[in-house]
Amino acid sequence: MRRQKEELDAKNAQLRQQQYGGGCGRPGPVQPSSSPVIEKVENCSDLQAVWGATRKYLASTARYLDSVLGHCCRIESLNAESLEAVLLVPGNQKGFTNEKARLKIEEAIRVVTGLQIKLSLHFGEEMVKVPEADASVGWGGGAGGITAQRVPPEVIEAVKAQPIVRELMKKLDATVVHVELMGTGEAE
């Protein structure tokens with residue numbers, strides 16, 4: 001009985017070591033279950049096609065990044081001669097665009113264009129309209145032409161002032177990061 005327990009413990013320890021990459025409590029490298037989706041773009045002047053292909057690549061390699069930024073950003077310019085590209089990002093998404101995110105997007109653009117592009121980010125208050133071609137990718141909403149709305153600060157403060165929201169913020173140590181304006185609820 002004791003020998004069986006020791007064998008079982010040894011087997012479990014071996015499985016844990018394989019699963020967590022060395023037994024130091026940290027997961028090992030995660031191998032992607034499938035190869036990334038690469039859709040090469042021949043015409044780099046078609047910025048919408050470049051961004052669409054970039055989003056498809058990101059959806060298979062950096063899904064969270066695509067779901068957060070893909071639907072609201074667009075490539076503002078791409079110069080194949082100087083190898084420079086500019087991504088327009090709404091100002092309210094600035095917190096999601098650190099250097100690591102920029103490098104992942106830059107890598108995705110390089111993969112789909114085949115060019116060693118250097119990406120820079122430009123932030124603006126302008127909200128980016130989701131092109132119909134991109135509506136099926138990520139969180140485009142599936143109803144092309146959706147435009148993100150800028151929520152006034154007083155609306156955000158009113159939401160934060162709601163008793164249930166205050167309670168959730170307190171209990172979960174949370175903050176309000178997204179407010180979506182819904183219809184008025186009136187019957188048509």
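Which residue of β3 is the bridge partner of A85? The bridge partner is L119, and the strands concerned, β2 and β3, run parallel and are joined by seven bridges. The model is a predicted one, in which local features need pLDDT of at least 70 and side-chain atom pairs count only at pLDDT 80 or more, while totals for chains, interfaces and linings use all residues. Residues are numbered from 1 along each chain as its sequence is written, and side-chain values use heavy atoms, with hydrogens and water left out.

**Overall composition**

- The protein contains six helices and three strands, taken as DSSP runs numbered from the N terminus (helices: H or I, at least four residues; strands: E, at least two).
- Read from the N terminus, the order of elements is α-α-α-β-β-α-β-α-α.
- Of the 188 residues, 28% are buried, a term that denotes under 20% relative accessible area with a 1.4 Å probe, protein chains only.
- The accessible surface amounts to about 13300 Å², and 53% of this belongs to carbon and sulfur atoms; the areas come from the Shrake-Rupley method with a 1.4 Å probe.
- Among contacts (heavy atoms within 4.5 Å) between residues at least 6 apart in sequence, 56% join residues at least 24 apart.

**The sheet and its helices**

- The three strands form an open sheet in the order β1-β2-β3, with mixed pairing; two strands count as paired if DSSP finds at least two bridges between them.
- β1 and β3 are the edge strands, each pairing on one side only.
- On average, neighbouring strands are turned by 20° against each other, direction ignored.
- Helix α2 packs on this sheet, where α2 touches β1 and β2, and the direction of α2 makes about 115° with that of β1.
- Helix α4 also packs on the sheet, touching β1, β2 and β3, at about 125° to the direction of β3.
- These angles, from 0 to 180 degrees, lie between N-to-C directions of axes fitted to C-alpha atoms, for helices over the stretch in contact.

**The nonpolar core**

- The largest nonpolar core has 27 residues, of which L78, L87 and I105 touch the most other members; such a core is a set of buried Ala, Val, Leu, Ile, Met, Phe, Trp, Tyr and Cys residues joined through side-chain atoms within 4.5 Å.
- At least two residues of this core come from each of α2 (47-61), α3 (63-70), β1 (74-79), β2 (84-90), α4 (99-113) and β3 (118-124).
- α4 supplies the largest share, six residues.
- Neighbours within four places in sequence aside, L87 is in contact with W51, C73, R74, I75, E76, I105, L119, S120, L121 and H122.

Technical notes
Buried means under 20% relative accessible area, exposed over 50%, partly exposed in between (1.4 Å probe, protein chains only).
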